[in-house]
Amino acid sequence: MAWAWKKWQTRGNSHWPTTQATVWSYRQDPKTQIIVYTYCIDGQFYSGEFDAPKPWSFKLTGRNPPVEELYPKGTMFPIHYNSENPALSVPISRHGFAA
């Protein structure tokens, strides 16, 4: 149910301001891999996380590349954050960032 609460808290996020976040680390959940990211708003650092979706090629090949391959540490990507509560954020895209 944590995902439902986060979804409710971040509804309407497409109208939130944007900033750059950085892939910081990874953690394993029983069903998926989690990407942990950091970002800075007005000199204050925050973190967020999201489930790493399986790439579209998984359906064709059955191969799920390591999360580090799709979301390399240190890679920057855009997020929306709540200006009234900057600790709430959502990646603009959840697709792999690797070049």
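## Aromatic pairs

Rings of Phe, Tyr and Trp (its six-membered ring) are paired if their centres lie within 6.5 Å; planes under 30 degrees apart are stacked, planes over 60 are edge-to-face, and the rest are tilted. By this rule the count comes to six aromatic pairs. This is a predicted model, in which local features need pLDDT of at least 70 and side-chain atom pairs count only at pLDDT 80 or more, while totals for chains, interfaces and linings use all residues. Residues are numbered from 1 along each chain as its sequence is written, and side-chain values use heavy atoms, with hydrogens and water left out.

A pair of aromatic rings is described by the distance of the centres and the angle of the planes. For Tyr37 and Phe50, the centres are 6.1 Å apart and the planes stand at 45 degrees, so this pair is tilted. Tyr37 belongs to strand 2 and Phe50 to strand 3 (residues 44–51), and the pair links distant parts of the chain, 13 residues apart. Strands (E, at least two residues) and helices (H or I, at least four) are DSSP runs numbered from the N terminus.

The rings of Phe50 and Tyr71 have centres 5.9 Å apart and planes at 75 degrees, so they are edge-to-face. Because Phe50 lies in strand 3 and Tyr71 in the loop between helix 3 and strand 4, the pair ties together parts that are 21 residues apart in sequence. Tyr37, Tyr39, Tyr46, Phe50, Tyr71 and Phe77 form one aromatic cluster.

## Burial and the nonpolar core

Buried denotes under 20% relative accessible area, exposed over 50%, and partly exposed the range in between (1.4 Å probe, protein chains only). Phe50 is buried, at a relative accessible area of 2%, and Tyr71 is buried at 1%.

A nonpolar core is a set of buried Ala, Val, Leu, Ile, Met, Phe, Trp, Tyr and Cys residues joined through side-chain atoms within 4.5 Å. The largest such core has 15 residues, and those with the most contacts inside it are Ile35, Tyr37, Tyr39, Tyr71 and Phe77. Strand 1 (18–28), strand 2 (33–41), helix 3 (67–70) and strand 4 each give two or more residues to this core. Strand 2 gives the most, with four residues.

## The surroundings of His80

His80 is placed in strand 4 (residues 76–82) and is buried, with a relative accessible area of 11%. The His80 side chain reaches the backbone oxygen of Trp16 at 3.0 Å.

With contact taken as heavy atoms within 4.5 Å, and residues up to four places away in sequence not counted, His80 touches Asn13, Ser14, Trp16, Pro17, Thr18, Leu88, Ser89, Val90 and Ile92.

Key
A polar contact is a pair of N or O atoms within 3.5 Å; within protein, one must be able to donate a hydrogen and the other to accept it, and residues adjacent in sequence count only if both atoms are side-chain atoms.
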